[in-house]
Amino acid sequence: MAEADEDLKSRRTVFVTVGTTCFDSLVRAVDTQEVKEELFKKGYTHLLIQMGRGSYIPAKSTGENGSLEVDCFTFSSSITDYLRSASLVISHAGSGSIFETLRLQKPLIVVVNEDLMDNHQSELAEELAERKHLFCARPQTLYQTVADMDLGSLIPYQPGDAAPVAKLLNSFLGFPDD
Amino acid sequence: MENSNNHCLSITPSSLVLLSIIGFITLILIRVLYIIHRSSQPRSASSQQKPLSTLIVLGSGGHTAEMINLLNVLQKNSFTPRYYIAAATDNMSLQKAQVLESSWLSEGGVEEVGSAKFMQIYRSREVGQSYITSVGTTLIALAHALWLMIKIRPHVILCNGPGTCIPLCAIAFIFKILGIRWSYIFYVESIARVRRLSLSALLLYKLRMADQLFVQWPQLKSKYHRAHYVGRLM
């Protein structure tokens, strides 16, 4: 029992998510030896990859010989629990994933998919990275980002509020504010 | 000499038609300018307190999450009855809206039971669809939007993103011009738009079809002066 508790305490999971998209270049980049070794060096024990509609399937591993334990799956109706139990999140640049992770106050690396046309998603990732709420990378720069990242430099994201919009709507339409 | 006088004074049927057309177009232009001007004015104080029927246009994923955030802080009894429209290929959004409405009912925050309606609309264009077939599907989407708008004739339209809202807003604008129904059109640009407006927002902004357009990042406010900066919703 004490051993199991110790396992839980020492378990540090990196959760990778691509949402409902196909983002093979991210999954491949995470699945490289150098990224996995770097994550292991930084004290992470498990790597869990949600692959979405991707066709590249990473090899699972039980983590013997001093390496990450790797597991993967395609979809889940809700990734909230996976996010909650993660120590580090690596996500595609979808706003839903980003804000769900930030609201849970988890360290986050957002990887922008350059194969997407009209990549407005990168604007959001870059802006939040500039404000130091997360790290922003491309699949090719993922290793460097993981190696250089200083989690202590991240600033927690304060959740937004829709009340200002409601106030403006009420005053425009002549409804009382409560 | 007589001939030239006759030429100057003659009013042929074709020139009459031309004059009427020009006159008609001018009247419509004046009407459109008047509508645009009135759209920037708040609702008059005399008709306060009465609830306004509200059309909520839902889009996939992040769009719906943001809209739910907004709906949660609205006074439900001011914006009622509520009509939710989502694209026919979007399975999750209407479900999420139904869950939301049920949660309000059980909280006791709404007075009318089961008054919310949920509808689907044909999409103008699927991602990756060829532009040639898009003409046909856009026309079908427009016809469907017209049918839905005639049925609903909402007083307020809330939208925050996907192209689904454009046919609906365009028809609402035409209804305004024709005096069929005055809809207040509110558009909240997605939180994912930091430096550039989406195509939907750009159309509504440039053509001045939205009564109020809200943006979540200051960069957009400096670029588009008539937009209202409201900070982040998420």
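Author: Leaving aside neighbours within four places in sequence, Gln216(B) is in contact (heavy atoms within 4.5 Å) with Glu66(B), Val188(B), Glu189(B), Ser190(B), Ile191(B), Tyr229(B), Gly231(B), Arg232(B), Leu233(B) and Met234(B). You'll find Gln216(B) in the loop between β6 (212-215) and α8 of chain B; helices here are DSSP runs of H or I with at least four residues, strands are runs of E with at least two, and both are numbered from the N terminus. Gln216(B) is buried, with a relative accessible area of 0%. For that label, buried means under 20% relative accessible area, exposed means over 50%, and partly exposed is in between, with a 1.4 Å probe and protein chains only.

A word on ground rules: this is a predicted model, so local features need pLDDT of at least 70 and side-chain atom pairs count only at pLDDT 80 or more, while totals for chains, interfaces and linings use all residues. Residues are numbered from 1 along each chain as its sequence is written, chains are lettered from A and ligands numbered from 1 in the order in which they are written, and side-chain values use heavy atoms, with hydrogens and water left out.

Back to Gln216(B), whose side chain makes a polar contact of 2.8 Å with the side chain of Glu66(B). A polar contact is a pair of N or O atoms within 3.5 Å; within protein, one must be able to donate a hydrogen and the other to accept it, and residues adjacent in sequence count only if both atoms are side-chain atoms. A polar atom of the Gln216(B) side chain also sits 2.8 Å from the backbone nitrogen of Leu233(B).

Now for chain B as a whole. Chain B has eight helices and seven strands, and its C-alpha trace spans about 90 × 50 × 40 Å along the principal axes. Of the 234 residues in chain B, 45% are buried. Take the contacts in chain B between residues at least 6 apart in sequence, and 69% of them join residues at least 24 apart.

Next, the partner chain. Chain A puts 29 residues into the contact and chain B puts in 39. Together they bury about 3,000 Å², 63% of it on carbon and sulfur atoms; buried area is the accessible area (1.4 Å probe) that two parts lose on being put together, summed over both. There are two salt bridges between chain A and chain B, where a salt bridge is a side-chain nitrogen of Lys or Arg within 4 Å of a carboxyl oxygen of Asp or Glu. One of them pairs Arg195(B) with Glu126(A), the closest N and O atoms being 2.9 Å apart. On the side of chain A that touches chain B, the elements giving two or more residues are α5 (95-103), α6 (121-130) and α8 (163-173) of chain A. The largest share, nine residues, comes from α8(A).

Finally, the rings: there are nine aromatic pairs over all chains. Rings of Phe, Tyr and Trp (its six-membered ring) pair if their centres lie within 6.5 Å; planes under 30 degrees apart count as stacked, over 60 as edge-to-face and the rest as tilted. Phe15(A) and Tyr82(A) are stacked, 5.5 Å centre to centre with 15° between the planes.
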